[in-house]
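Hi,

Here is the structure I promised to pass on. Have a look at it first, and then read my notes below.

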Amino acid sequence: MVRQNRFLVSAVLCFGAFCLTRLASTFVGAPLTSRPQSVVLNARGGGEYDISDADIQNFYNSLLTGAGGDPPKGTVLSELIVKFFHGDFTPQGFKRYSGLWKGPPPGNIGKKDIAVGVAKLKEQMANPMFVTKGGVGYGVDETQKVEDDGKGWVWLAAEMSPGGLAVELFKSVPYGKRAILVAKQSNVDELFQKVNWDTALANIEVTFGGPQVKQR
């Protein structure tokens, strides 16, 4: 009887050891089949900063909520438009206007000067002479950026430069910049007929397709 009990105990112990071994190998050897979603997205190069076609359309629609015309004088936006578009665009570069501002009052940037700057901005958005590369995603290498992403949009975006806030034109999503305006290159007039300049001005404070960074 004692021998039978010993045999039974031994069998139970062996079976228990076998089960523990199988259980351990299951945990140790099991492959990782998934990762946190944020890791997967970051590895793809975009993640939380991706900009979809729907995002672009919504951004555009938000600008079409005004009365059009020119931006009011005395704002950062109107001064940027005058500074970077009131002048001549030549193959050698942009030659900024250096004459007397028309005002009113004369000698100061006023409605007449803003009107000239906006007219030149519209011309350049319809047929830009100088385009900055962008697109693809936030933080990508410069060699991966493109001049034209083929979506048909043209952007006015700002960023801080050594000389202060500067604006450039893009034909691809300006990731990490301050996207101010966007228009259909084939129909720039649609934007300027309905543009909400208050919305455009507020856009200067927001990073588009990138982490929020205060630039001024």
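Leu121 is in contact with Ile81, Phe85, Leu156, Leu169, Leu181 and Phe192, if you skip its neighbours within four places in sequence. Contact here means heavy atoms within 4.5 Å.

Before going on, some ground rules: this is a predicted model, where local features need pLDDT of at least 70, side-chain atom pairs count only at pLDDT 80 or more, and totals for chains, interfaces and linings use all residues. Residues are numbered from 1 along each chain as its sequence is written, and side-chain values use heavy atoms, with hydrogens and water left out.

**The core**

Leu121 also turns up in the largest nonpolar core, which has 41 residues. Together with Met125, Trp155, Ile180, Leu181, Leu191 and Phe192, Leu121 touches the most other members. By nonpolar core I mean a set of buried Ala, Val, Leu, Ile, Met, Phe, Trp, Tyr and Cys residues joined through side-chain atoms within 4.5 Å. Buried is under 20% relative accessible area, exposed is over 50%, and partly exposed is in between (1.4 Å probe, protein chains only). At least two core residues each come from H3, H4, helix H5 (111-126), S3, S4, S5, helix H6 (188-194) and helix H7 (197-203). Those labels are DSSP runs numbered from the N terminus: helices are H or I with at least four residues, strands are E with at least two. As background, nonpolar side chains tend to be buried together in soluble globular proteins.

**The sheet**

The open sheet has three strands in the order S4-S3-S5, with antiparallel pairing; two strands pair if DSSP finds at least two bridges between them. S4 (164-170) and S5 (178-184) are the edge strands with a single partner each, so one side of each has no neighbour in the sheet. On average, neighbouring strands are turned by 20° against each other, direction ignored. Angles run from 0 to 180 degrees between N-to-C directions, and axes are lines fitted to C-alpha atoms, for helices over the stretch in contact.

S3 (residues 153-161) pairs with S5 over six bridges, and Trp155 stands opposite Val182 in S5. Two helices pack on this sheet. H3 (residues 53-63) touches S3 and S5, its direction making about 90° with that of S5. H4 (residues 76-85) touches S3, S4 and S5, and its direction makes about 65° with that of S4.

Ser161 has Gly164 in S4 as its bridge partner. Six of the seven S4 residues are buried, so S4 is largely enclosed by the rest of the structure.

**H4 against H5**

How do H4 and H5 cross? Their axes come within 8 Å and cross at roughly 65°. H4 and H5 are therefore roughly perpendicular to each other (65 to 115 degrees; under 35 is roughly parallel, over 145 roughly antiparallel, the rest oblique). Ser78, Ile81, Val82 and Phe85 in H4 meet a set of H5 residues, including Ile114, Val118 and Leu121.

**The whole chain**

The protein chain has seven helices and five strands. Of its 216 residues, 35% count as buried. Residues 24 or more positions apart make up 69% of the contacts with a separation of 6 or more.

Cheers
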